[in-house]
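Please brief me on this structure.

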Amino acid sequence: FPALACPKDLVETVTIDPNTVFYYAIVPTESADNGIMCGRLEVLNHKGWVGVAVSLNGFMIGSEAIIGEPSTKSVLKYNLNGKGANLVNVMDTAKQTLEDTSIVEDKGTTIMSFTKRLVEPGEIPITPVGKNMFLHARGDDATIGYHSRRGLFMLDFTTTYPPTAQPTEGVTTSQPTVEPELEDSFLQCTEYSPCAMCFGSCD
């Protein structure tokens, strides 16, 4: 990323759930639309793989994930082509453009860090102004498998919309509506929430 660097401290945060915080910064460019997103996902009381994904509609299928595996110390980009582990496919080498990647387990906390370009050919863009939809999932194994926790959150990098503690009842699953003013920017998979909007299913 020529002439672009992450700040020393990532001061912007969103609390995804009681154990999970995403720290981030957007570093724009002056001459082009394409800046970088600096991200760090911290999950307390967790040992296992973790991931965040960029989504167009809040559904797992069709989204694009960044997943860290402690077993291989890898942080890579994946296409989410389905809900089975065999359908979570690592992107081609040419698309593995993340920088400053790391995943560590420290005193019961799993920490994944990365730097990602906002706009990349053939991928879902991250817009520095406007709403961006993200998914989060994690599993108890060191390699990608079933997700023990998953959810959805929205960020506008000019305004952060904090997740709500309780999902809104009665939201339909046909067309996901994730409007911050309705206080449903985070949807936890429970019997009250539309599980199709989560990073997987509640089954």
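Helices (H or I, at least four residues) and strands (E, at least two) are DSSP runs, numbered from the N terminus. The model is predicted: local features need pLDDT of at least 70, side-chain atom pairs count only at pLDDT 80 or more, and totals for chains, interfaces and linings use all residues. Residues are numbered from 1 along each chain as its sequence is written, and side-chain values use heavy atoms, with hydrogens and water left out.

**Loop residue K107**

- K107 sits in the loop between β8 and β9.
- K107 is exposed, at 83% relative accessible area. Exposed means over 50%, buried under 20%, and partly exposed in between (1.4 Å probe, protein chains only).
- L44 and K107 are 63 residues apart in sequence, yet their C-alpha atoms are 8.9 Å apart in space.

**Disulfide**

- A search of the whole structure finds one disulfide, defined as a pair of cysteine sulfur atoms within 2.5 Å.
- Its partners are C6 and C38, with sulfur atoms 2.1 Å apart.
- C6 lies in the segment before β1 (12-17) and C38 in strand β3 (residues 36-43), so the bond ties together parts 32 residues apart in sequence.
- The torsion about the S-S bond of C6 and C38 is about -95°, so the disulfide is left-handed.
- C6 is partly exposed, at 29% relative accessibility. C38 is buried, at 2%.

**Sheet**

- Strands of a sheet pair through backbone hydrogen bonds, either parallel or antiparallel.
- Here, five strands form an open sheet in the order β1-β2-β3-β9-β8, with antiparallel pairing. Two strands count as paired if DSSP finds at least two bridges between them.
- β1 and β8 (99-106) are the edge strands, each with a single partner, so one side of each has no neighbour in the sheet.
- From one strand to the next, the twist averages 15°. Axes are lines fitted to C-alpha atoms, for helices over the stretch in contact, and angles run from 0 to 180 degrees between N-to-C directions.
- β3 and strand β9 (residues 109-117) run antiparallel and are joined by eight bridges.
- R40 stands opposite S113 in β9.

**Cavities: terms**

- On a 1 Å grid over the protein atoms alone, a cavity is a set of points where a 1.4 Å probe fits but cannot get out; lining residues have an atom within 4 Å of a point.
- Grid points are joined across faces, edges and corners, and a volume is the space filled by probe spheres set on the points.
- Ala, Val, Leu, Ile, Met, Phe, Trp, Tyr, Cys and Pro count as nonpolar, Asp, Glu, Lys and Arg as charged, and the others, Gly among them, as polar.

**Cavities: contents**

- The structure holds two cavities of 30 Å³ or more.
- By class, the lining of the largest cavity has five nonpolar, no polar and four charged residues.
- F22, M37, V52, A53, V54, E64, I66, F114, K116 and F134 line the second largest cavity.
- β4 (50-55), β5 and β9 each supply at least two residues of the lining of the second largest cavity. The largest share, three residues, comes from β4.
- The lining of the second largest cavity divides into eight nonpolar, no polar and two charged residues.

Technical notes. On a 1 Å grid over the protein atoms alone, a cavity is a set of points where a 1.4 Å probe fits but cannot get out, and a pocket is an open set with protein on both sides within 12 Å along at least five of seven lines; lining residues have an atom within 4 Å of a point.
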